[in-house]
Amino acid sequence: MSTSRPFSYNTGSAVAGTTQSGDFAIGTPTVGFSASGLQWWNGPDEDLGYIIAQPVPGNTQPTPIPDVSASLGFFRSDALTSASYISLVNAIAGPSGSFNTTNAATSWLYDNGYWTSYPDGIAGSLVFNGTNQSLSISPGVTFGAGAFTVEGWFFNTSNFNSRGILGVPVSSNIGALNLYFANNTTITSDKNGGGGSFSYTMGSAITTNAWHYLIYNRNANGATAVYIDGVRCAATSSDALNYNTSTDTISRYYGGFWPGYWTNMRLTVGTAVYNSTSSTQSNPTAPLTVLANTKYLMLGAAVTTDSSGIQTVTNNNTVTQNSALVPF
């Protein structure tokens, strides 16, 4: 049995029961196709290749129905492979098409009003030089005395000695959370101003020039653990500190800057995304999403975008974005 879905060209309000992407409504309207007031078309069989939908605002797209045209059209790759998908996007893009990665190809499609069934990947990563680059976030994140999680993908291009993840190096807010790599086996947290600290030692050294996933998780009862690529630190801590002022800087703390890349960094406060008593966790296989208590989400598509909508992000000393170097 073939797999397909209905599409409509929709420049108005989103239609209940469908997903709105650009000028496309995708899916089955709750009120039914006729009651939606739009013209609907069934897309091609997605079991045979990846689908790309193209808007045709002039309603000039030929259809199989005589004397009936449409405001959208479709392409399909020859096979369900990344190579076939990239080849199709390069053909559609014409002179602009010299893509070597699926992320770059997909980004071009969405930037130019298309839609694709190709599975979502991470949009990109942010690049920090390790000497003077960071992001400021306002109002910042107050981690408080309860549950929270810091997580994200990182790629270190230098070393792990005194490398900042989060901190307050400029505002110096007394009571805020600092989080950093002390070396290639140890991640340290402290309450700014001498309020206490904890070190989490991994069982093996963390490698440079490779993607890794960090989880720093505190349960509501204070049980705190760090995981690298799903493997928990050698010993957990009981952290009852109240981080009662805001952490306002990404990729820097009072002792140093981050050298390399971050993407899909998410700060969640008020609930723990994970359970610190678990000995292992799973690395994510899709881009992170905003949760109920997410206070900052950096997806790597743009330097100053916070996908949680809470923080105003300032780029200090020209942090850049890279759409090619991503974990997947």
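**Figure 1. Burial and overall dimensions of the protein.** Of the 328 residues of this predicted model, 50% count as buried, where buried means under 20% relative accessible area, exposed means over 50%, and partly exposed lies in between (1.4 Å probe, protein chains only). Local features need pLDDT of at least 70 and side-chain atom pairs count only at pLDDT 80 or more, whereas totals for chains, interfaces and linings use all residues. Residues are numbered from 1 along each chain as its sequence is written, and side-chain values use heavy atoms, with hydrogens and water left out. The protein has 2 helices and 27 strands; these are DSSP runs numbered from the N terminus, with helices (H or I) of at least four residues and strands (E) of at least two. Along the principal axes, the C-alpha atoms fill a box of roughly 75 × 40 × 40 Å. The accessible surface comes to about 13,900 Å², and 49% of this surface belongs to carbon and sulfur atoms; the areas come from the Shrake-Rupley method with a 1.4 Å probe, and for residues only the protein chains shown count as cover. With contact taken as heavy atoms within 4.5 Å, 66% of the contacts between residues at least 6 apart in sequence join residues at least 24 apart.

**Figure 2. Helix 1 and its packing partners.** Helix 1 (residues 82-93) has 12 residues and reaches 16 Å from its first C-alpha to its last, close to the 16 Å expected at 1.5 Å a residue; the expected span is 1.5 Å times one less than the number of residues. Its buried residues are Ser 84, Tyr 85, Ile 86, Leu 88, Val 89, Asn 90, Ile 92 and Ala 93. These buried residues pack against strand 5, strand 8 (72-76), helix 2 (102-111) and strand 9 (115-116). Gly 94, just after the helix, takes a positive phi of about 65°.

**Figure 3. Helix 2, from its cap to the glycine that follows.** At the N-terminal end, Thr 101 caps helix 2, with a side-chain oxygen 3.1 Å from the backbone nitrogen of Ala 104. Buried in this helix are Thr 102, Asn 103, Ala 105, Thr 106, Trp 108 and Leu 109, and they pack against strand 5, helix 1 and strand 9. Just after helix 2, Gly 113 has a positive phi of about 90°.

**Figure 4. The side chain of Arg 218.** Arg 218 belongs to strand 17 (residues 211-218). Arg 218 counts as buried because its relative accessible area is 0%. A polar atom of its side chain lies 2.8 Å from the backbone oxygen of Gly 146.

**Figure 5. The cis peptide bond at Pro 139.** The bond from Ser 138 to Pro 139 is cis, with omega near 15°. Pro 139 lies in strand 11 (residues 134-141).

Figure 6. Asn 59 is not a glycine, yet its phi is positive, near 55°. Asn 59 is found in the loop between strand 5 (51-55) and strand 6 (61-62), and its relative accessibility of 33% makes it partly exposed. Thr 318, also not a glycine, has a positive phi of about 65°. Thr 318 sits in the loop between strand 26 (312-316) and strand 27 (320-322), where it is exposed, with a relative accessible area of 56%.

Methods: A polar contact is a pair of N or O atoms within 3.5 Å; within protein, one must be able to donate a hydrogen and the other to accept it, and residues adjacent in sequence count only if both atoms are side-chain atoms.
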